[in-house]
Amino acid sequence: MRALICNSGIWLVLLFASICEAQTYPLNQGNPITDGFSQNGGSANNTRGWRFQVNAANVTVTRLGCWYGDTGTNSKTVTLFNFTTQAILAQVNTTPGSQWCWTNLATPVALTQGQQYIVACYSATGSSYFWHNSPSAAWRPTGTIQYLDVRYANSSNANTFPTSALSPHQYGVVDFGYTTGPQLTVSATAGTAQNVYANDTGSGGNGILAGRFTVASNSQTGASLDSVTVRSSGTGNDSNAYSGVQLWYDADASGTFSTTSDTQVGSGVTAFPSDNGDLTFTWGTPQSFPASTTRTYFIITMLNGATLAQPGHTFNYLVQDIAVSGTSATKAGVPSGTMNGLAIATPVFSFTDASAATATTVYLGSSNNICQTFTVAYPNGPNDKPASFTVTGLGTANESTDLTSAQLWHDSDSSGTFSATSDTQVNSQTYTLDNGTVVFSLAGHADFQAGQTRRYFVIYNLNNNASDNETFQCYVSAAGAPTYGGTMTGLPSPSATGTAGLTVSANVLAVTMNGPSAASTVNSNYQGPTGDGALLCDVTLAAAPGGAWTITSMTFNASGSGSHDTAYSEVAMYEDNGNGTWDGAGTDSLAANTATGFTGNAVTMTLTNSALAAGTSRTFFLVGKLNGTATAGQTFNANLQSVNSTPPAGGVTVGLPGSASTALVIDVSSLTVANGPAVSTPATHLAGTAASYVLARWRLSASNSNVDVNAVTITTGGTGNWTSDVDGTSGVAVWQDDGDGVFSAATDTLLYQGAGAGSVIATFTSTLSVANSGSEDLWVRVSVTTTAGAGVAAAPETFTLGIQNASDVSATGGVTVLLSTPAPNSVTLGAIEFNVTSFDPLADLPAGGKPITITGSGLMSPLTVTIGGVVCPGTPVITGGTQVTGLFVPPGGGSGLPIVVTSASLPNQTLSQTFTYSNVGTIGGGGSGKGGGGGGCETSSTTTPWALLIAAMAAAAAVTTLRRKRA
């Protein structure tokens with residue numbers, strides 16, 4: 001025999017020849033053939049055996065057996081009788097065999113010392129049996145079991161007590177196995193299987209008591225129970241249907257399982273290692289049994305394994321083996337009888353109709369009409385669901401042509417009433433036949449849980465095809481099989497005659513809200529994509545074929561967190577040109593009066609064209625122009641609340657009030673920082689002087705809310721030194737314009753002043769508040785010292801500033817700062833030394849025309865020269881900022897005329913020398929070749945030599961003075 005034993009997760013295979021070790025056999029399992037026994041032809045219905053006496057204590061019979069000579073074709077019944085009372089103490093049916101055939105007793109029998117018993121075998125057929133009139137002593141034992149005589153009965157049955165005697169014969173032959181030491185005996189009662197569901201884990205998830213057995217000790221002490229091996233059987237798969245298998249000892253002897261007062265044996269496992277496999281549960285310390293003690297054990301299981309069992313599956317158990325320890329200790333009663341454990345019950349899905357008792361009036365083009373309401377109850381079972389619900393249509397209307405769709409909805413909010421916003425659509429189908437069927441798949445629907453009851457709605461959505469007073473009815477006719485099996489009760493529901501259903505009214509004005517269904521993020525002054533308004537509500541009015549309607553006016557209600565009464569500059573309604581899109585006034589036409597806004601969150605639009613013919617529809621757009629007062633995060637939506645109309649006879653309006661649109665949401669609060677109107681042309685500063693210059697005008701504009709600004713970080717640049725050449729107290733100053741667009745230190749507000757630096761953090765002395773949809777201008781003024789431009793002769797050193805990053809503007813309240821392109825900057829301030837060291841010539845004829853040469857520093861374009869207020873002609877050619885040529889003396893007259901040089905925007909330079917016009921020829925000689933040598937002055941006839949000398953001395957003195965001034 002082979003058994004699997006599991007201990008601490010290790011599976012071993014043990015082989016043993018007999019399931020009952022340390023047993024004794026009175027006839028020592030002798031061989032009647034080799035011991036000279038004869039065989040007779042046999043006769044039916046005979047009993048053969050022998051009587052014996054017990055001469056020792058603690059004798060326990062554990063098995064019964066026989067050996068008949070009929071080659072093992074027929075089973076025999078072996079019985080143990082009490083000789084004195086003739087009571088049957090044990091009885092087994094042997095398996096057919098041609099040698100000794102043994103059967104273990106489910107309940108071993110303890111014999112009493114000094115008492116007599118009979119062991120006998122009954123054959124119902126004419127089996128031959130062995131006999132010997134004087135067998136050897138081995139067949140007539142003495143000692144613990146003492147042979148007395150043969151006992152037999154003819155024409156008997158299995159329960160006949162054999163009264164006839166022979167001695168010293170041995171007929172049969174029949175024998176028994178017994179033990180004389182301490183012994184543990186297993187007893188299991190078949191019982192009745194419990195009906196459970198495939199996911200059952202017992203009360204509180206602690207498991208199901210699936211089998212119970214006892215282990216009893218005989219009257220001797222010294223036996224201990226080491227382990228119990230449980231074998232599974234039944235039609236269910238023991239390897240994957242469980243989530244837990246455990247063995248517990250009934251420690252409180254209550255006969256009922258308790259996790260708090262009973263004791264678990266070893267460690268539980270998730271399942272048997274194989275279907276119909278074995279599990280061994282081992283005590284950490286062998287459990288000692290006192291004499292004559294009986295203990296109860298529970299097999300505890302939890303279903304809901306990896307693969308749930310199917311309805312009808314069974315799970316049974318037996319004790320395949322026990323391991324015992326102790327001197328001469330033995331075991332009996334194993335394998336035990338089968339314990340009928342669990343039977344998987346079939347779950348039930350129960351359908352009940354809950355539809356209205358009377359028909360509901362519905363209208364052409366209407367949606368979300370309830371044709372049937374029903375419930376499905378699921379009292380017990382694993383998480384599961386029917387695969388589908390089949391609904392059959394009835395009524396005079398044609399489901400295949402008069403419905404746009406049929407839908408199944410779950411009452412997911414458990415309100416008992418249908419809501420398209422809070423309930424859940426399970427599936428949508430279309431009928432293909434009149435009075436046909438639709439199959440709603442539940443593939444995406446959640447499984448039922450035990451104890452759940454769900455409500456469902458069968459929804460019909462109508463087109464405009466049905467006729468007046470036609471009807472729709474339906475019923476649930478079938479349901480698809482659940483994954484784990486189950487039966488459906490209550491079908492058809494309510495019956496094949498269907499629900500009261502729906503009655504159609506054909507004179508209908510159907511109002512449909514088309515959108516918007518998603519909010520557009522806009523600024524508070526948004527005027528719409530074409531400047532004609534932002535779309536607030538898109539609605540369609542459709543007249544069913546039953547009759548024409550006259551639409552006088554439409555009233556819209558506003559919703560959302562914004563103030564509709566103050567946020568608009570205009571509200572208007574346009575009619576769609578047919579493409580279903582708001583395209584602006586250039587494409588869609590104005591359909592009604594305009595309004596300056598909502599009043600009390602409502603606005604009424606009186607139509608200029610009121611006709612709506614039968615079977616036609618018109619789509620309208622309600623639009624609005626925002627005026628900049630809304631703030632970030634506010635929402636603006638609208639719905640068509642009512643229609644003032646003249647209907648055809650019996651006409652009704654459906655779809656009012658319409659659902660609210662989801663139209664506009666005001667964008668985040670933002671501040672845009674940009675260059676304002678130009679402040680001036682770039683300025684040039686004259687070295688050696690201190691002055692202040694307005695270099696920048698920045699405009700700050702707020703959108704979607706008021707914005708408070710606390711500081712700006714100014715990044716300086718250029719080739720100048722912002723530390724040494726800029727005033728240490730008021731070098732950089734920021735002013736708020738008073739609104740006139742002109743800088744004035746007297747009327748504008750100083751917000752910041754401080755020293756120059758590479759980066760200037762201008763923290764305002766007071767908060768600059770920019771109103772929503774408004775703007776404020778900042779002036780930035782720079783004050784330079786006398787050192788700015790010192791020593792710079794050719795190109796000016798420069799000073800610039802600007803705001804480089806949005807993070808450089810500090811605004812409160814989560815405002816998004818946006819910098820313009822280009823980023824806010826300034827004009828360039830140049831600083832340079834400007835002086836004239838020489839000017840040639842200082843005299844010319846009244847006709848002028850001599851070329852002029854100027855030397856000095858800071859000579860830049862635009863450069864002009866005047867003599868006596870007259871501009872010198874020509875085009876200045878500036879070389880390196882230190883020399884100017886290309887200009888000529890203008891015509892003129894007189895002497896002591898002022899010479900003025902203008903360089904860029906620097907202050908004019910009036911030279912200390914003066915200019916003289918003279919008719920005496922070349923002054924100073926040499927230039928014209930007159931007067932000899934290297935040139936001289938041309939003189940008139942009235943000019944004396946002394947006058948020329950004095951003029952030359954005056955010119956020399958003037959040059960000396962200029963040089964000293966520059967030094």
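The dialogue below walks through sheets, cysteines and a cavity in a predicted model.

User: What should I know before reading the model?
Analyst: This is a predicted model, so local features need pLDDT of at least 70, side-chain atom pairs count only at pLDDT 80 or more, and totals for chains, interfaces and linings use all residues. Residues are numbered from 1 along each chain as its sequence is written, and side-chain values use heavy atoms, with hydrogens and water left out.

User: In what order do the strands of the 6-strand sheet run?
Analyst: Strands are DSSP runs (E, at least two residues), numbered from the N terminus. Two strands pair if DSSP finds at least two bridges between them. Here the order is E20-E19-E22-E17-E15-E24, an open sheet with mixed pairing. Its edge strands are E20 (263-269) and E24 (330-332), and each pairs on one side only. Neighbouring strands are turned by 20 degrees against each other on average, direction ignored. The axes are lines fitted to C-alpha atoms.

User: How many bridges join E19 to E20?
Analyst: There are 4, and the two strands run antiparallel. E19 covers residues 244-249. Tryptophan 248 has glutamine 264 in E20 as its bridge partner.

User: Which strands are at the edges of the 5-strand sheet?
Analyst: This open sheet has the order E16-E25-E23-E18-E21, with mixed pairing. The edges are E16 (194-196) and E21 (278-289). The twist averages 25 degrees from one strand to the next. E16 pairs with E25 (residues 339-344) in the parallel sense, over 3 bridges. Glutamine 194 stands opposite leucine 342 in E25.

User: How many disulfides are there?
Analyst: A disulfide is a covalent bond between the sulfur atoms of two cysteines. The test is a pair of cysteine sulfur atoms within 2.5 Å. The whole structure has 0. Take cysteine 66: its closest cysteine sulfur, in cysteine 121, is 3.7 Å away, too far for a bond.

User: Is cysteine 66 buried or exposed?
Analyst: Buried means under 20% relative accessible area, exposed over 50%, partly exposed in between (1.4 Å probe, protein chains only). Cysteine 66 is buried, at 3%. Cysteine 537 is buried too, at 0%.

User: What is the volume of the largest cavity?
Analyst: Rolling a probe the size of a water molecule over the atoms shows where empty space is left. A cavity is a set of points on a 1 Å grid where a 1.4 Å probe fits but cannot get out; lining residues have an atom within 4 Å of a point. The count is 1 cavity of 30 Å³ or more. The largest has a volume of about 50 Å³, the space filled by probe spheres set on the points. Of its 13 lining residues, the closest to the centre are Cys66, Asn74, Lys76, Gly97 and Cys101.

Definitions and conventions:
Axes are lines fitted to C-alpha atoms, for helices over the stretch in contact, and angles run from 0 to 180 degrees between N-to-C directions. On a 1 Å grid over the protein atoms alone, a cavity is a set of points where a 1.4 Å probe fits but cannot get out, and a pocket is an open set with protein on both sides within 12 Å along at least five of seven lines; lining residues have an atom within 4 Å of a point.
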